[in-house]
Amino acid sequence: MAEETQVQPDPITTKSYSVHLLVSMLLLLASLVWAIYDEVEIMRPYKEYQGRFRAYYSRFLTELQPQQAAKEDAIRQSPEYQQISGELGTAEEAVRARIAEIDREVGQGVVPRMTAARNAFQVLRSEIDAQRYLIEVSHDEGDKQSMREEIEEIRSRVVEVELPLADGSGGTEELELQYEQLEAEFLGMQELRTNLQAERLEALAEANRLRSKRDALMSDRLVGLGATQIDGLMANMRNFDIGIKQIHLLDIDLVDRCESCHLGIREPVEIGPTDLIYPVFQSHPRPELLTIHDPEAFGCSSCHNGNGRATRSVTKGHGRHKFWLWPMYFPENVEAGCQQCHAKEIVTPGGETLNMGRELYMNKGCWGCHRFEGYDAEAEELTAVSQELRNLSATHAANAKEMRVNLDLGDTAADGAAAQRYYARAEELRLTNTRLDAELHNLEMEQANLAQEVKKFGPSLKEIKLKDVKEWIPAWVKNPHEFRPGSKMPVFRLLDEEVQQISAYLWQNALDGELVRHPRGNAERGQELFETRGCLGCHSIGEGDTQMGGDFAANLSRVGEKMNYDYMVRWIHDPSEVTPDPNVPDAMRPRPVMPSLRLTDRESRDIATYLSEQRTDQEYPPAPYMDDPEMAAAGLDAIRHYGCAGCHEIAGLEEEGRIGTDLTLEGSKPLERLDFALKTHEAELEGWYSHKGFFERKLENPAVFDEGKEREHLERLRMPNFNLSAEEINALTTFLLGAVETTFPEQYRFEPEDERADVQEGWWIITRHNCTGCHQIRPGNVSSFMTIPRYTDDPDWAEQLPPQLYTEGARVQPDWLTGFLANPALSEQDVNRNGVREYLHARMPTFYFSDRQLAKLTKFFMARDSQPVPHMPEAMEPLTNAERAIGRQLFVSDAAPCLNCHMTGVPSQDVDATAPNFLIASERLKPNWTYRWMLEPASIAPGTAMPSELFERDGNRWVFAGQIPAQARNYEGDHADLLTRYMFQMDGAELRRLQALQ
Amino acid sequence: MSKGKVLAAALLPAVLLALAVACGGDDYFDDYDARTRGQQGGQSGGDAAPVGEMVTVDPATAATVTGMITFSGDAPRFPPVNMSAEPDCIQLHGGRVPSDRVVINDGKLQHVLVWVSQGLEGKRFPVRTDAVNLDQDGCIYKPHVVAVQMGQPLNITNSDPTTHNVHPLPRENREWNKSQTSNAPAIEYAFPRAEMKIAVKCNIHPWMQAYIHVMEHPYFAVSASDGTFEIGNLPPGSYTLQAVHEQLGEQEVQITVGPSESTEVTFAYSG
Amino acid sequence: MAENNPSEVKDKPAAPAGGNGNGARSLLGVTIDPDEIKKKAQIDLEGLKQPTKTEVYKSIFRVKHDQTARSRTLGVLSNVFLHLHPAKVNRDAVRYNFTWGMGGISFYLFWVLTWTGVLLMFYYHPTKVQAFRDILYLEHDVPFGKLLRNMHRWAAHAMVLTVQLHMFRVFLTGSYKKPRQFNWSVGVILLVLTLLLSFTGYLLPDDQLGFWAVTVGTNMARATPMLGHEGPFGPELGMTPFNDVRFALLGGSIVDANALLRAYIWHCIAIPGFAAIFMIVHFWRVRKDGGISGPAPIMLEKEIKPVRR
Amino acid sequence: MDWHQLWTIVSLPDNIPIVGMLFIIPFFTWYALRQARANDRLAERLENDPDMAKTHHRKVQPFQKGWVREVAVWPYLLRMEFLAAIIVTIILMVWSITLDAPLEEPANPSLTMNPSKAPWYFLGLQEMLVYFDPWIAGVVMPTLIIIGLIVIPYIDANPLGNGYYTYKQRRFAIWAFIFGFIILWCSMIVIGTLIRGPGWMWFWPGMTWDHNRLIFEINRDLHEIVGITSQPWIGIFGGLVVGGFMVVAGYACHRIITATEFSRKILGRMSLLQYAIMQGLLIIMLALPVKMAARLLFRIKYVWVTPWFNV
């Protein structure tokens, strides 16, 4: 509708887009700048970390430097340092002139002369070498000859050289030399230089020795870094380059850039969490772990998880976001990472939380329902061994058949040579089978051993008719923790009728048998025995504040309410004595976990009497339904459903499998497979939708993921409640979080095949048998005994603690140890005693170890102390008569009151003894250990009654610290060594002689 | 419909979204500062300083506490010391050696530690430098109870013709066990940490027993054979005084002492 | 053996020339006249003031940049990139409101995708072991790597969207009508290729998202009638999981290493190649079918001509 | 109302295009129809005013004498293209800086994602899987969509509306396309992305995507409802139903096609083949909503069951 009269400018061709273009170009530019800023700054937050670290750390070092310098000064002022410094000065002064002379001679004389001679020599030699090559490639003998002459000519050519004088005076001499003379000149100078340098070294030896002594003194006394080292660190900070700090492990393509922000981790100065204001900069809290696992070889995320590559943000780097499968462990679970490589162990030194988790898994009986590789390995090994046996037997039979065939073929062979081949083959097979016989025998032994070792976690329920009070059983099944708080038997969520059915089944299917009737004993004596014999190593008694003893076995506070007295006597006297079960052959009968304390009948009765008085006046309602066969039939289903047979021997359910999931790789299970059920959304919102969140909540309340679910009773979650403490939950969570499929190749994993494997193996047995309930095996390990008031409060009882086993392998001979473990009484008849420490009230019990376990335990102790197996006894120099006399004197001198404490076999004296008899030393101990023990017992067994500093150093030998008996004064040898030899050659007669002397 | 509007409509949400995301990044340092600021606000004025101030006591105004430990009733009976295992020791005594576990002279109890258990928190005092002596004499520790300040030297001597070993069994200090032959030089030791009732044993002579109390401050005393004790140079103030006997237990008393005052306190034990 | 400093050689003859004000000099037989050199330098400098007059410029830009119709026409026609366009277009087609620019934007996005894709290929290995790792590497190690991948991904999404909008626009303006029927068909094929390009790229990071998307996508191929082992008449024709059309797509019966490699090759070589060919046809036909369809004059109902058969 | 859940789905980087689509598609539809209305008004005026029809340049865009009818590509078109390229680049850069392309866990064939979804542009097809067997939803339908799109120019016999937006001149074509593109294709994508949760269950926006959700739903085949229990009667019955649907749908389509004088005139220009193909495609397109309704409202799984395939 344009007005034709007036033509307006065409909007299309006249409109300018300059502004649009300018604005959009500017925006484009801005977005480019933003992209670069994003890439350079936002995506590299570590730059700010590094800037701050440099500032804070420099300030920290500046403050630290003078403190350390002052410490160093203080050490420099100390008389020892001053003295060494003085000596050093003197020593340096004494050789200064000579050193200067040598330096001048070498620098200005010998080396220039040598160089000059060599240069001239090399010119000639190159010429000769070229001629030689021509000779080698020439085919004309005449040419060769002439060229050889040419070489001769070169050799004899006289060269004029100007050589500096060797004495370093700066002068030169002009010489006319031939090829060989030049070579001699050169070699001569070389030798001279070597000699002079050797002389220089020799001259400085004393000064160097003193200097390193001085430096050693400094580093020995100085806590922390020296001032110069700190200066070096400060210089590092001045030259600090801002950029990615990364560890790259090529073989597993691991890139860890953790240290781009955690800059203080490997600083040699200990940086506390707030020393540099922000904890991100602190140094690794356990630097000793980094010395074993050098981050350059292991990286960071291999242990800690997280996304080592990511540097974009804390969340990304720590991998704590959706879709990252390996989020960093939280500090309380940090030891979970150990299992990446230490998966085969039950004890990993330094991983105390993890160890606790593993021990709980073992000793709370988790493996009754949940398989976990390594736990209950005996059962699986037994299967494997049986299979292997069958295979070998089949091979054996096949071999035998083939042998017969070959013999027949040989008999009918056409000619002798062929017959011989068949016969040879038959012979070979016969010998193979002979070898197989031996192997089969070993496997059979192993099978028998394993059959003894396989045992379920809980007590056998086949004997409950003889053992327990009938009416008590349903109450216990209903809620074990009400009767016995903290019991390992967890609380199942059972309906009352299920309780009755289960009880009825157990009762009606239990074995019938007769028990020997026992009279009542003396409860007071029983209590004393119970508290001191060793029962408290595993069992506890009392509740609340008065509870004492170990938590490995049951708390016996109310045991009198549940157990029959006669059964209790039999059980205490010998746990291996059981009512015969017609369905289980004796050889296949599992040995009880509870060991025998080798008590007399009277002692057993006393303890049983004391224990049977441990009861409240709780009344149990009558339970007639327990004799109702219909109830029992229903009970079988309930028992199957709840997996009771996972932990208990139950008649009719011997072959029952586990009902729970295999947890070996639970930590790598996809999160989606963990059933958060109705809690999923809540977990996501509250931030615990993670493995950790699942484990913690499940362990705290195993029914938690049933909450709100509309389910039939039997469809509900079955896992019972163990009422774990927060610490236990954390330990088990740590253990499960670390139960992952390792991402590391073999060379990273700790799967040793040398003696360290014996140590790994041994810990399994030790944990399973609670050796640490009585003994201290690892430093820091607190035994149950050490928590009993009697032993902590009374210094006299402190000496009654069972021995520490820190260096047991170095102490005793392996054969003896095996024998001792098999029978700690060291006697077949006189069993009611300790074989070694008869003076101890606590008694080393007889465990029902199989031969395999005995061997493993022995190997464990030997391997821990790097003792060679088999053991080669040290040759011991026999005592001369004179030495024997001196030894005798030393033994009874006031300076060494050995017999005041050590047992002698004289009952009146042994009442107060606190140390073993010398008579068994030679078969039990190793001389070298004994020698060290006498010198410094406290460093072998901290807190021992054996006093230290019995000897003092005299030149190269140890002599008695006190007054030396007259006869020994002239003795030139080492007193401790003499005493060791004396001890190892002591016999009964000698001991009597000693007593007479005393 | 101009391109300008289309352009604005397209870019605006994008820019807004971009800004929202750009501001949402996690900043460790700011977060940490914010967190710790909150904590410090809550903490201030809470805990006492871990290391107390060093106090110098003006002798002009210092107070003294003296007192007596009495015992009434039947004393617990302990069998006499049996030294039969060591003839050397028997010879040092003319016959029966009474037990040193509870020593009562005319109703006055010996070997009781009296110390200021409350009222000195957060203060530090100079360490006493005078050595305390613990002698092994006649195969008996003399005295049976000693008290030292932490860091104060303790000299253990052997006056017997026989070898002893000195074996303190602390729970918090370092444990050690040294043999000491007859007339050997004194073992000097200063306990670095405060700890009550450290038992000392001689493993060679199991009957020998002593107790060492290591105190944080210098305000303590052990009752003498006449049951008296004296704690001097005490800054004026209110205190709780505690008496400790390993066998007979503990007693407490509240006292207030003014400048240069002298207060008398009696602890009465009974059988 | 000290080497001769080359500067010394130069300096030597210069030294005696110091006081000589007389023009040309000779060095080693070469005549050097400073005035001559100065004059020539001036000419070069003058030339730089008018860069469009230089030979280099003229050799590259063969058309004058001025406002005459001829220059403008030649500017488009003689440029290898611009000659896709006609010299002149419908005046109203210049506005966005008719075309929405979606075709051009799609092409631009394809171009962006090609470039980012090529750069991504530098860092990517289509193997099970490395694929996922390479993506992490791109995210955390490669400078601008994350930006690169993001741009590739978002440009791909955007392209799927713009191609659909382009089709929507073309339909609504009736641009497919005679004589552009065939070009519409080409466009449909390009749409399908765009979707396939995007889909094959989905698997390449080898993460759960891509894996399951591709699994779901290719599972449908199982049911292809006659060619899939779960499709109608498939089993009857002997189809099994190991010989059907899905197997051919994935190079296996599951989404695995072979599927990754196939997706990669389809994504990077085959489909872009086809798409490029069809794009050439598409653009060619736009020109040949009379350029952009509108905005055309409105045709009235009464002007409909009877159909000729 | 679970805002967190809603935000989780909407803010998923890969879902940005769908959220964008919710705005962009309606916007452009409105934008196109606005222009169409302007053109329609002009067409009406031109119809009524033959004189004007002769003189007017027949566009809504202004034109005056002296203005060129064609403008030089350089610079008038190229500058616009350049501007567009810059703006697209800016958008892309900002988008790429602020939002990261998704990367989930490494592929794990043993761990099925729930829900596992195809790329968003195929979600329409995945949604169709609910209503049809894979061979229809995944193979036949896509093929027919492609073929249908390709043949559009050849079956559209309406010569009007070539090169300009119009509604009145192409009512049926526009309705059919909008129905196919927006109602079926785009909205199914939106449903597949935002509505379908774990187990491919229907979650209204704001409902929590609960993995444990269970719904009771029994889908039956049509012949079961009717009570036919044996082959070949089932097949024959199904065939009859499908055939019946085709007849009914074809009839309905035909009624729509011939609703107005103008459309009848256009129909007259079509060959039989063109008509047949159009009818076929329309019937199949209609089959989708019909089957959806049968499934969602009447819980019918299959209408036609044969030993070889089911529909």
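Two strands pair if DSSP finds at least two bridges between them. Helices (H or I, at least four residues) and strands (E, at least two) are themselves DSSP runs, numbered from the N terminus. Keep both ideas handy for what follows.

What you're looking at is a predicted model, where local features need pLDDT of at least 70, side-chain atom pairs count only at pLDDT 80 or more, and totals for chains, interfaces and linings use all residues. Residues are numbered from 1 along each chain as its sequence is written, while chains are lettered from A and ligands numbered from 1 in the order in which they are written.

**Confidence**

The model scores ipTM 0.82 and pTM 0.86. Then there's pLDDT, the predictor's confidence in each residue, from 0 to 100. Chain D averages a pLDDT of 89, and 100% of its residues score at least 70. Where pLDDT is low, the predicted coordinates should not be read in detail.

**Strands in chain B**

Let's begin with strand β11 (residues 164-169) of chain B. Five of its six residues are buried, so β11(B) is largely enclosed by the rest of the structure. Buried here means that 20 or more other C-beta atoms lie within 10 Å of the residue's own (exposed is 12 or fewer, partly exposed is in between), with C-beta atoms placed from the backbone. β11(B) pairs with strand β12 (residues 178-180) of chain B and with strand β14 (residues 195-201) of chain B. Here are some strand pairings, each with one pair of partners:

| Strands | Sense and bridges | Partners |
|---|---|---|
| β11(B) and β12(B) | antiparallel, three bridges | B:V166 and B:K178 |
| β11(B) and β14(B) | antiparallel, three bridges | B:L169 and B:A199 |
| β5(B) and β16(B) | antiparallel, three bridges | B:W115 and B:F220 |

Another open sheet of four strands in chain B runs β8-β7-β10-β13, and its pairing is mixed. Here the edges are β8 (141-142) and β13 (187-189).

**Where chains C and D meet**

How many residues of chain D are in contact with chain C? The count is 79 residues of chain D, against 88 of chain C; contact means that the C-beta atoms of two residues, placed from the backbone, lie within 7 Å. On the chain D side, α4(D) brings the largest share, 13 residues. That side divides into 53 nonpolar, 12 polar and 14 charged residues. For that count, Ala, Val, Leu, Ile, Met, Phe, Trp, Tyr, Cys and Pro are nonpolar, Asp, Glu, Lys and Arg are charged, and the others, Gly among them, are polar. There's strand pairing between these chains too: β3 (residues 88-90) of chain C and β1(D) are antiparallel over three bridges, with C:V89 partnered by D:V71.

**Nonpolar cores**

A nonpolar core is a set of buried Ala, Val, Leu, Ile, Met, Phe, Trp, Tyr and Cys residues joined through C-beta atoms within 7 Å. The largest has 139 residues, and those with the most contacts inside it include C:L109 and D:V88. α4(D) gives the most to this core, with 17 residues. Apart from it lies another core, of 124 residues, with A:V477 and A:M631 among them.
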